[in-house]
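Trainee: Could you take a close look at one part of this model for me, the ligand site, and then walk outwards from there? I'd like the cut-offs spelled out as you go.

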Amino acid sequence: MHERLSFYIKRDSVIHRLNPLTKLVLVFAFIGVAFTFPWYWMSLSLFLFVLIPLAFVAKVSREYFFTATRLILPAAGFLFLMQALFQPIGEEIIFQFYFLDATRESLAFAFTIAARIIVMISAFTLLLLTTHPSELMSDLTRRGLPGQFAYVIISTLQILPQMQAKAQTIIAAQRSRGLDTESTFLKRAGSVLPLVGPLVFGSLVEVEERAIAIEARGFTSKKEKTSLHEVPDTVTDKTIRWVLIILIILSISLNLWL
Amino acid sequence: MNININNLHFTYPTGLEALKGVSLTINAGEQVAIVGQNGAGKTTLVRHFNGLLKPTSGSVTIGDWDTTKYSVAKLASRVGYVFQNPDEQLFSRDVLTEVEFGPKNLGYTKEKIDELVKQALVWTELTDKTETNPYDLSPTWRKMVALASIIAMDTPIVIFDEPTTGQDFANVSRIANVIAELKKQGKTVITITHDIDFCAENFERVIALSNGQVLLDGTTREVLGQEEILAQTYVDPPQLTRLGKLLNLKETVINQQEFLKAIK
Ligand SMILES: Nc1ncnc2c1ncn2[C@@H]1O[C@H](COP(=O)(O)OP(=O)(O)OP(=O)(O)O)[C@@H](O)[C@H]1O
Ligand SMILES: [Mg+2]
């Protein structure tokens, strides 16, 4: 079976070829700049004029917009509403919702926060779409990240797609035995119930099996480990990383100085 | 209920064309074995029979139903499909619930459900394990649960995807018994298998697939006699058949009785 076990989309692009650490630093640069720049338009321009073009350069624009509309925008929209209505700042009321009022200041604040969240999640999305999780982790462990830590990160990254794949197989099995999941909404909602048990239970069984499997391959061995897979790290990568780090430092100091 | 497959092509979303123009007719009540190397497209083909996959082009009809026009749940009343991997098929708390799941969905009366479930449990010798969680059973017994949960649906067509893989002799004969019982009831049985002896002993017709196409299709004797062509899809005829060839027997033999008769 060919299940999609991560968000990773295998394509050939400049972004795909970058060293994983470079991309990770890029993500933190995005977050750093978005969160330290006090100007509200900064995050939005980052998203519109840097992140979106980058998704095109990485040839994952379709998948990127898909996650954006399904995950990022709803999350940001919710946050925007919450912040706009519950921030007790400002005088000038723009609109009211029962006893909650949105002022000009709270709207501006909510807007900034939401834009920052958009940048943060979409930068991570871009990283995950263009980097195979095992490549990211083998690069980081080679640089000294403890194996256990890498394992926790990688299994967290994989758990969603894995559960999704598992849910698909169980749905196929249940439909093959006459469970109608295609018709009405009510029936669909009802058919989710018989799914939850096997899904959770199956995943638990899997975790145990996996723990045994990796232990059988010497996971906790104290010996120095070598890597089968060399992740390339070029001069360009190193240069980009330094530039980005300087950028982060600059934006933090700018924030402190202003 | 006949199965008609007309120039079926199927391409996976990954771009891999797994079926490249398959045309077949399987008549009601036939016992058919499908053989062929790993990746030949056997599973892909049978997943079209119950609508889990829909043709990229061409058509599959089950009786008078075109599979593109009916949901998987609807087709389940005509085609029962035992998955290759029981772990992908079982999801209930205990064996009884698991076996009841299908017939209940098909809306049979309470009496009929009880009768079907009981019969399926007897055939698969699971009667003393009804309270057990399928996950606590050994893989071989899980396979039997998967079998029982499908035959309890009493569909006119039953598909087994590699039922004997990894099974001991006792279980293989249990499965052979189930197939014989289904045959007695006049059901169509389609079985994918890599176990060529099992195929020779239990099926009348054999279809050999290779690279998404039908390589051979005929009676078991005709197909297993074509050693060279079968080799293209890495299938070896049974040892007795090959021995018979080496002994220059006139007829192709496929089982012990025939072999003994021929060398007398
Ligand atoms: N979900 C899928 N997505 C993409 N390709 C697939 C998928 N399932 C199967 N394939 C590919 O399609 C081809 C046919 O696979 P299929 O499972 O039908 O073979 P099979 O004859 O059943 O083999 P086996 O004897 O190993 O069970 C293989 O090359 C396989 O890698
Ligand atoms: Mg298969």
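Mentor: Here's the ligand site, followed by the chain around it and a few single residues.

Ground rules before we dig in: this is a predicted model, so local features need pLDDT of at least 70 and side-chain atom pairs count only at pLDDT 80 or more, while totals for chains, interfaces and linings use all residues. Residues are numbered from 1 along each chain as its sequence is written, chains are lettered from A and ligands numbered from 1 in the order in which they are written, and side-chain values use heavy atoms, with hydrogens and water left out.

Okay, ligand 1. You'll find ligand 1 between chains A and B. There are 16 residues around ligand 1, and the ones that come nearest are Asn38(B), Gly39(B), Lys42(B), Thr43(B) and Thr44(B). A residue makes that list if one of its heavy atoms lies within 4 Å of the molecule. Sorted by class, the shell holds 10 polar, four nonpolar and two charged residues. For that sorting, Ala, Val, Leu, Ile, Met, Phe, Trp, Tyr, Cys and Pro are nonpolar, Asp, Glu, Lys and Arg are charged, and the others, Gly among them, are polar. Helix α1 of chain B, residues 42-46, gives the most to this shell, with three residues. Helices here are DSSP runs of H or I with at least four residues, strands are runs of E with at least two, and both are numbered from the N terminus.

Now the polar contacts, meaning pairs of N or O atoms within 3.5 Å; within protein, one must be able to donate a hydrogen and the other to accept it, and residues adjacent in sequence count only if both atoms are side-chain atoms. Asn38(B) uses a side-chain N or O atom, 2.9 Å from an oxygen atom of ligand 1. With Gly39(B) it's a backbone N or O atom, 2.8 Å from a ligand 1 oxygen. Gln84(B) puts a polar side-chain atom 3.0 Å from an oxygen atom of ligand 1. As for cover, ligand 1 taken alone exposes 640 Å², and the protein buries 79% of that. Those areas come from the Shrake-Rupley method with a 1.4 Å probe, and for residues only the protein chains shown count as cover.

Gln84(B) turns up again at the magnesium ion, ligand 2. The protein donors there are Thr43(B), through OG1, and Gln84(B), through OE1, at 1.9 to 2.4 Å from the ion. Thr43(B) sits in helix α1 of chain B and Gln84(B) in the loop between β6 (79-82) and α3 (95-105), so the pair ties together parts that are 41 residues apart in sequence. Donors are N, O and S atoms within 2.8 Å of the metal (3.2 Å for Na, K and Ca), and water is not among the atoms, so sites may look incomplete. At 35% relative accessibility, Gln84(B) is partly exposed. Buried means under 20% relative accessible area, exposed means over 50%, and partly exposed is in between, with a 1.4 Å probe and protein chains only.

Stepping back to chain B: it has 11 helices and 10 strands. Its radius of gyration is 19 Å, close to the 18 Å that the globule rule gives for 264 residues, so chain B is as compact as a globular protein of that length. That radius is taken over C-alpha atoms, and the rule is 2.2 Å times the number of residues to the power 0.38. The C-alpha trace spans about 55 × 45 × 30 Å along its principal axes, and 54% of the 264 residues count as buried.

Asn50(B) links the two chains. This residue is in the loop between α1 and β4 (57-62) of chain B and is buried, at 0% relative accessibility. Its side chain makes a polar contact of 3.3 Å with the side chain of Ser176(A).

Over in chain A, Gln174(A) lies in helix α7, residues 147-176, and is buried at 1%. Lys23(A), in helix α2 (residues 20-36), is buried too, with a relative accessible area of 3%.

Last, some backbone angles. Most residues other than glycine have a negative phi. Asn211(B) has a positive phi near 55° and sits in the loop between β9 (205-210) and β10 (213-219). Asn248(B) has a positive phi near 60°, lies in the loop between α10 (239-246) and α11 (256-263), and is exposed at 67%.
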